[in-house]
Amino acid sequence: MKPLSLLIEILIILGVIIKNIEAEKHSKKQTERNATTQVSANELKQFLSHILERRKLIKVIYQRENALGKKKIQRKLRIKGIQNKDLSKRNKNHLRKQAKKNFTDEGDQLFKTGIKILQQSKNQKQKAEAYVFFAKAADMGNLKAMEKMADALLFGNFGMQNITAAIQLYESLAKEGSYKAQNALGFLSSYGIGMEYNQAKALIYYTFGSAGGSMMSQMILGYRYLSGINVLQNCEVALNHYKKVADYIVDKLEKSEGIPVEKVRLTERPENLSSNNEILDWDIYQYYKFLAERGDVQIQVSLGQLHLIGRKGLDQDYYMYLEGNVAAPQNNATAFKYFSMAASKGNAIGLHGLGLLYFYGKGVPVNYAEALKYFQKAAEKGWPNAQFQLGFMYYSGSGVWKDYKLAFKYFYLASQSGQPLAIYYLAKMYATGRGVLRSCRTAVELYKGVCELGHWAEKFLTAYFAYKDGDIDSSLVQYALLAEMGYEVAQSNSAFILESKKAKILEKEKMYPMALLLWNRAAIQGNAFARVKIGDYHYYGYGTKKDYQTAATHYSIAADKYHSAQAMFNLAYMYEHGLGITKDIHLARRLYDMAAQTSPDAHIPVFFALVKLETVHLLRDILFFNQFTMRWKWMKLDNTLGPYWDLFVIGLIVAVLIFLLRNRYG
């Protein structure tokens, strides 16, 4: 290392050491008390700032050293000659390589430590501690650690969102060939978040990302080719992208059960999420065991599953499943015991469990005939996992003759309950035309459903909690990434947040147009609420020009296809006033009635709308009996009371009703 660079390095390292003396003292005290080390967001921010500044310093240093080095080389050539210079250069190169190797090894070790802490973490404090190790590893040039820190800056982990700094890191990583950075830059370009809005550039980034191995980029490209977003719609290309991701997901699913992530719709405003009680204490396990041995079938089934896979309290790791844990150690004999107890009482899960033990030879010799028998019994009771296993046996010819028709039958039955592996094999059959008529579109839709089970779906939870905590920008970025990947719920949630105009990462004037784009994508995927929203945007001119005809078209789709009460009500109003469509009072009445019949929530607004409609109709009959008088006064009504005179009439009716009710019960 050259003197100038060494000096700067020493100064930087000393600065970091001094800043962390107090933190290290605190860490020692906490270790003595066996307590968790708490890491503040400020400390992480200091590391991130340090990483970025250091990269800038090193760049400047190298530029200066190159200039100085050229002058020194020229002097050495004149004074000492070429031979001495070459020897010195070889020594320096050797020392530089050795120092770089030591530096890299230390960075790798810090990164691995951070990953280990992150995998074992049970709370935010421990996760924050892991990111301190990532920050230190990134400071030493570890690319994977830099990816972690860039993601933290982008998504706002621990309240340290800084999109500008994230982009700087991503751009630096992209030059080093990071496919994760390519994907992130594509996402930011597609929304214009912190970067120029450029769909063509986004497509290039995604293409490089997918070529490098990014499953997210593969999924995004699959969705774009499926929907024709800035590319020509091409089902076969979409199929190719989605299949690669689905193969990756299924490999993970076959090694573990996987826990489906709850996808909360912000438009429904739920008060809380279902709790995650994945930890099973030893005392609870003993109590369950007591109940199981006294004949509780459901507990017998649960304990059988626990002993088969060692589930509760474990990370998602196949080998750890085989090893089990303290609360529920993996034990084939015990699993067989409890599954047998449940199966003897006709429990479907117990029957399926016994089938698995015989199929895989866990605790008993492999016996396909016995496995088939138990799977059939469980399948007859409607258990989807058993239906899948039967389908797989006929598909692969495991213990039976291959029969693609029967395989399709059982895969289809299991898929109706959402069994992911069954959906995958159905997609495979539709993609290849094996046992069924080939259908690219059906295969893509099925593969897409499997792809949406990927680990990235966990962002639904972190995005929701960020939204509940008031961190709107962090929530929006996470939902927007999922929306880009084709998740309909994320598209709706992103549009909902943009519509509120609470986010700060996009200019105000871009929010309605972007929200309209996302509502449209959600509507195409079958969201009735999104379809009504598109009608609203065209009716009021949000993010687009006012267009009553287009609004009426979308309301009609929502009313006819999805039986949306809101769409029926809106369409009735437009027929009543002749907005974008021919005025038709009779059709308006019918649509108002249909809205009330479709949804109880529509009863009150429909009542007032019909009262207003009938009142206006009555006034027309009374006041405008004379044809000439009618024509004159009807023309004057809008001028006298204004264009919203009908709302005035509704208000008057409500006031009269309130007055009558108060007198009645007063």
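User: Which residues of H10 are buried?
Analyst: In this predicted model, the buried residues of H10 are Met215, Met216, Ser217, Gln218, Met219, Ile220, Leu221, Gly222, Tyr223, Arg224 and Leu226.

User: What span does helix H10 reach?
Analyst: Helix H10 covers residues 215-227 and reaches 18 Å from its first C-alpha to its last. That is close to the 18 Å expected at 1.5 Å a residue.

User: And what comes just after H10?
Analyst: Gly228, which takes a positive phi of about 70°.

User: Let's switch to rings. How many aromatic pairs are there?
Analyst: The count comes to 35 aromatic pairs. One of them is Tyr424 with Tyr425, an edge-to-face pair with 5.3 Å centre to centre and 85° between the planes.

User: Are those two buried or exposed?
Analyst: Tyr424 is buried, with a relative accessible area of 7%. Tyr425 counts as buried too, at 8% relative accessibility.

User: Now Tyr512 and Tyr542: why is that pair stacked?
Analyst: Planes under 30 degrees apart count as stacked. The planes of Tyr512 and Tyr542 are at 5°, with the ring centres 4.9 Å apart, so the pair is stacked.

User: Where in the chain do they sit?
Analyst: Tyr512 is in helix H25 (residues 508-524), while Tyr542 is in the loop between helix H26 (528-540) and helix H27 (548-562). They are 30 residues apart, and the pair links distant parts of the chain. Tyr542 counts as partly exposed, at 33% relative accessibility.

User: Which residues form the aromatic cluster?
Analyst: Phe359, Tyr360, Tyr368, Phe375, Phe388, Phe392, Tyr395, Tyr404, Phe411, Tyr424, Tyr425 and Tyr447 form one cluster.

User: Which ring does the charged end of Lys459 sit over?
Analyst: That of Phe155, with the charged end 3.9 Å from the ring centre. Lys136 also has its charged end over a ring, that of Phe133, 5.8 Å from the centre.

User: Last topic, the surface. Which residues form a nonpolar patch there?
Analyst: Leu652, Val656, Phe659 and Leu660 do, with about 400 Å² of accessible area together.

User: Where does Phe659 lie, and is it buried or exposed?
Analyst: Phe659 lies in helix H32 (residues 645-665). At 53% relative accessibility, Phe659 counts as exposed.

Terms used:
Residues are numbered from 1 along each chain as its sequence is written. This is a predicted model: local features need pLDDT of at least 70, side-chain atom pairs count only at pLDDT 80 or more; totals for chains, interfaces and linings use all residues. Side-chain values use heavy atoms; hydrogens and water are left out. Rings of Phe, Tyr and Trp (its six-membered ring) pair if their centres lie within 6.5 Å; planes under 30 degrees apart count as stacked, over 60 as edge-to-face and the rest as tilted. Buried means under 20% relative accessible area, exposed over 50%, partly exposed in between (1.4 Å probe, protein chains only). Helices (H or I, at least four residues) and strands (E, at least two) are DSSP runs, numbered from the N terminus. A charge sits over a ring if NZ of Lys or CZ of Arg is within 6 Å of the ring centre and within 35 degrees of the ring normal. Patches are made of residues with over 30% relative accessible area and no salt bridge: like charges are joined within 9 Å, nonpolar side chains (Val, Leu, Ile, Met, Phe, Trp, Tyr) within 5 Å. Accessible areas come from the Shrake-Rupley method with a 1.4 Å probe; for residues, only the protein chains shown count as cover. A salt bridge is a side-chain nitrogen of Lys or Arg within 4 Å of a carboxyl oxygen of Asp or Glu. The expected span of a helix is 1.5 Å times one less than its number of residues.
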